[in-house]
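Please examine the sequence and the structure shown below.

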Amino acid sequence: MPPRLPQRPRRTQAERRASTRAALLEACVDCLLEQGYARLTTGAVVSRAGVSRGAQAHYFSTKAELVLAALRHVADQLALEVIADQPSPPERPEQAQLALLDQLWALHTDRLFPALMELWLAARTDAELRVGLSDFERELTRRVVKFAHERMPALADRPDFRSFLATALAAIRGLAVLEFLDRAEEVARLWPGMRAQLHSMVAHNGELS
């Protein structure tokens, strides 16, 4: 008789729940990017995830709750990737500033930004989504500030760091929107110049250089 293959250990209930929840969140992000928020349905998410409607209802009672959880899921994944890919912290404040700009740019060229854009537009007329998205935005800012304090304290402790961050985010998001018009090559060409201008604009104030 052929040797019996070792049996895989059975997953715990907590592992099965985590797997089901993750499948729903990944499916939700895919549906959001393909269909947009207005056309997204929980039925489509359930079908793509390969789970039951009962499982979806157990974890997320509304569509807004589901998509916001999916957005946080992507943000968590991206944060782990950013931390894992980090080299040694920059020693000079101007190096730290440029490194942070590059990290913010990477954040807005990932699939997180198109999904976030879908929800920003929908939140104008969806009160539940608007409240949840406002909370997400505040949490995202806190994460960036915390990351900067941990990796780039010389930069994050500057008195105008918050205003620099707000300006950088506004500029980056404005440029990234052009990708939705099939202008990715133009966006990639414009980013180095914008990066240099953001850096020099603050450096000329004599605080972040």
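Arg21 lies in helix H1, which spans residues 13-39; helices (H or I, at least four residues) are DSSP runs, numbered from the N terminus. The model is predicted: local features need pLDDT of at least 70, side-chain atom pairs count only at pLDDT 80 or more, and totals for chains, interfaces and linings use all residues. Residues are numbered from 1 along each chain as its sequence is written, and side-chain values use heavy atoms, with hydrogens and water left out.

Arg21 counts as partly exposed because its relative accessibility is 35%; buried means under 20% relative accessible area, exposed over 50%, and partly exposed in between (1.4 Å probe, protein chains only). Leaving aside residues up to four places away in sequence, Arg21 touches Tyr59, Phe60 and Ala69, where contact means heavy atoms within 4.5 Å. The C-alpha atoms of Arg21 and Ala69 are 9.8 Å apart, while 48 residues separate the two in sequence.

The second topic is the cavity. On a 1 Å grid over the protein atoms alone, a cavity is a set of points where a 1.4 Å probe fits but cannot get out, and lining residues have an atom within 4 Å of a point. A volume is the space filled by probe spheres set on the points, which are joined across faces, edges and corners. The count is one cavity of 30 Å³ or more.

| Feature of the largest cavity | Value |
|---|---|
| Volume | about 40 Å³ |
| Lining residues from H7 | four residues, the largest share |

Helices H5 (93-107), H7 (127-151) and H9 (161-176) each supply at least two residues of this lining. Leu104, His108, Glu137 and Arg173 are among the lining residues.

Key. 1 Å grid on protein atoms, 1.4 Å probe; cavity = no way out; pocket = protein on both sides within 12 Å on 5 of 7 lines; lining within 4 Å.
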